[in-house]
Amino acid sequence: MIDLDQSEGEVIGKGYLQEDHERAIQGEQHFHRLGWKRLTIVLIVQSIALGSLSLPAAFATMGMVAGVILTVGLGVITIYASYIVGLVKLKYPHLPHYVDFGRLLMGGIGDKIFAVAFVALMTLTVGSHCLTGKLALATITESSVCALVFSIVSAIILFALAVPPSFAEISILGYIDFASIIVAIGIVMIATGIQSHDVSTTWSAWPKENLTFSEAFVAISNIAFAYAFSSAQPSFMDEMHTPKDFTKSITALALTQMTIYTITGALVYAFVGQDVQSPALLSASPLIAKVAFGVALPVIFISGSINATVASRFIHGRIYQDSTVRYINTAKGWMTWLGVVAFIIVLAWIVAEAIPFFSELLSICGCLLVSGFSFYLPPVMWFFLIKEGSWLEKRNIRLAILNLIVFVVGVTVLGCGMYASVTEVISKFRTGSINRPFSCNAG
């Protein structure tokens, strides 16, 4: 790896090193321009997407009281866990991605496990945005064309938006993304509110009748996964010019997320009642669904692309970790970068379209991976990586209990969520409601 502290005289003495040294300096400057405000926008873009419109259906399952408690409670737990992730990143600033924490915890095997899990989660998320884009474009156009065409178009748009390698650049698109989701949610709430005056709706403060264990945990998992952003947080923080300001970002994110999620889940459920669909915009009239999907296109594609960028940055950085090519400011850097981005997008598209139960697979992987990155792994990192002082200190005893609670929540989401998701897959196979691979059906 090129030593940026190498004396200028030594560098100039070797002409080829002088050029690499300058590229490295330019690269470091380019990839450390992220302030806490832009980090907040990037985190919002990565975490708040159309998944927020699945919350009213979760409220319909769990009831208004449990829905609000779970939304706020899981939000507080996730933000605390992300705070721990941030502290680990501050303690080990030379480690750019969450994957690198796996090496700290379990050595080489941990690095490999975390790498596979990290890339898999990001790729599957990109695939879900391909399918959401396909549904949105098919709904807006009402075209008789095979929906697979819209899926390909979605993949191309995702690729184009994932090309900028710097998160500081992506954050500019983030403002459009944030406005998009706020307006889309607003349209759905207003439309369902107007509809509620014409049709009597029934909502309940308590869970629905005959609620099964698997139904309950599918709803809880949907709420938990709406807060899934910690896996990408170290990657974003690695570009900050003042990393310690991350606490401002996660505080702003916490307030934004919990406010949007609670209001969206509660109001739309109250307006539509037990028949609310997921995503909730499908509960509005066909015209409103078109308008909402149209407004939500930026959030579908920008939020999806940023996951592709995160995965690509990790892979590209690992391949060229000892070369200035990783800074993507040379012809070779750009060619290889575009190749890695294309690989992630194509892989995501193939997996999403080829696996007939992709939505169920996404839920299973969410339980398996998100529960770790966002819930039970941060407490483990506190115990093994950042705890300071004696166990007998009051502060450490309090923090140990708090982290143990967060760990138990994460393991519960993992175990019960996996059971519920697998049960749903088995049920769909029994009823024959699994789609065909590369289907022309948009739904």
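Student: What is the handedness of the crossing of helix 3 and helix 11?

Tutor: In this predicted model, helix 3 and helix 11 cross in a right-handed sense. The residues in contact are Trp36, Leu39, Thr40, Leu43, Ile44 and Ser47 from helix 3, together with Phe246, Lys248, Ser249, Ile250, Ala252, Leu253, Thr256, Gln257 and Tyr261 from helix 11. By class, nine of these residues are nonpolar, five are polar and one is charged.

Student: What makes Thr40 buried?

Tutor: Thr40 lies in helix 3, and its relative accessible area is 8%. The cut-off for buried is under 20%, so Thr40 is buried. Setting aside residues up to four places away in sequence, Thr40 touches Ser249, Ala252 and Leu253.

Student: Why is helix 7 described as roughly antiparallel to helix 13?

Tutor: Helix 7 (residues 147-162) packs against helix 13 (residues 331-354) at an angle of about 150°, and the axes are 10 Å apart. Angles over 145 degrees count as roughly antiparallel, so helix 7 is roughly antiparallel to helix 13. This crossing of helix 7 and helix 13 is right-handed.

Student: Which residues make the contact of helix 7 and helix 13, and how do they divide by class?

Tutor: Helix 7 contributes Leu148, Ser151, Ile152, Ala155, Leu158, Phe159 and Ala162, while helix 13 contributes Trp337, Leu338, Val341, Ala342, Ile345, Trp349 and Glu353. In the contact of helix 7 with helix 13, twelve residues are nonpolar, one is polar and one is charged.

Student: What makes helix 4 mostly covered?

Tutor: Eight of the eight residues of helix 4 (residues 55-62) are buried. They are Leu55, Pro56, Ala57, Ala58, Phe59, Ala60, Thr61 and Met62. The elements covering these buried residues include helix 5 (64-91), helix 9 and helix 11. Just after helix 4, Gly63 has a positive phi of about 90°.

Student: Which residues of the largest nonpolar core touch the most other members?

Tutor: The largest nonpolar core holds 134 residues, and those touching the most other members are Leu39, Leu50, Tyr98, Phe118, Phe236, Ile300 and Phe373. Helix 6 (residues 98-141) gives the most to this core, with 17 residues. Phe118 touches Tyr98, Val99, Ser231, Ser235, Val310, Phe314 and Phe373, not counting residues up to four places away in sequence.

Student: What makes the phi of Glu142 worth noting?

Tutor: Most residues other than glycine have a negative phi. Glu142 is not a glycine, yet its phi is positive, at about 50°. Glu142 belongs to the loop between helix 6 and helix 7. Asn210, also not a glycine, has a positive phi of about 55°.

Student: How do you know whether Glu142 and Asn210 are buried or exposed?

Tutor: Exposed means over 50% relative accessible area. Glu142 has 57% relative accessibility, so Glu142 counts as exposed. Asn210, in the loop between helix 8 (167-198) and helix 9 (213-225), has a relative accessible area of 73%, and therefore Asn210 is exposed.

Key. Residues numbered from 1 in each chain as written. Predicted model: local features only at pLDDT ≥ 70, side-chain atom pairs only at ≥ 80, totals over all residues. Heavy atoms only, no water. Left-handed = near helix turned anticlockwise from the far one by under 90°. Helix = DSSP H or I, 4+ residues; strand = E, 2+ residues; numbered from the N terminus. Contact = heavy atoms within 4.5 Å. Nonpolar A, V, L, I, M, F, W, Y, C, P; charged D, E, K, R; others polar. Buried < 20%, exposed > 50% of the residue type's maximum accessible area, 1.4 Å probe, protein only. Core = buried A, V, L, I, M, F, W, Y, C linked by side-chain atoms within 4.5 Å. Axes fitted to C-alpha atoms, helices over the stretch in contact; angles between N-to-C directions. Parallel < 35°, antiparallel > 145°, perpendicular 65-115°, else oblique.
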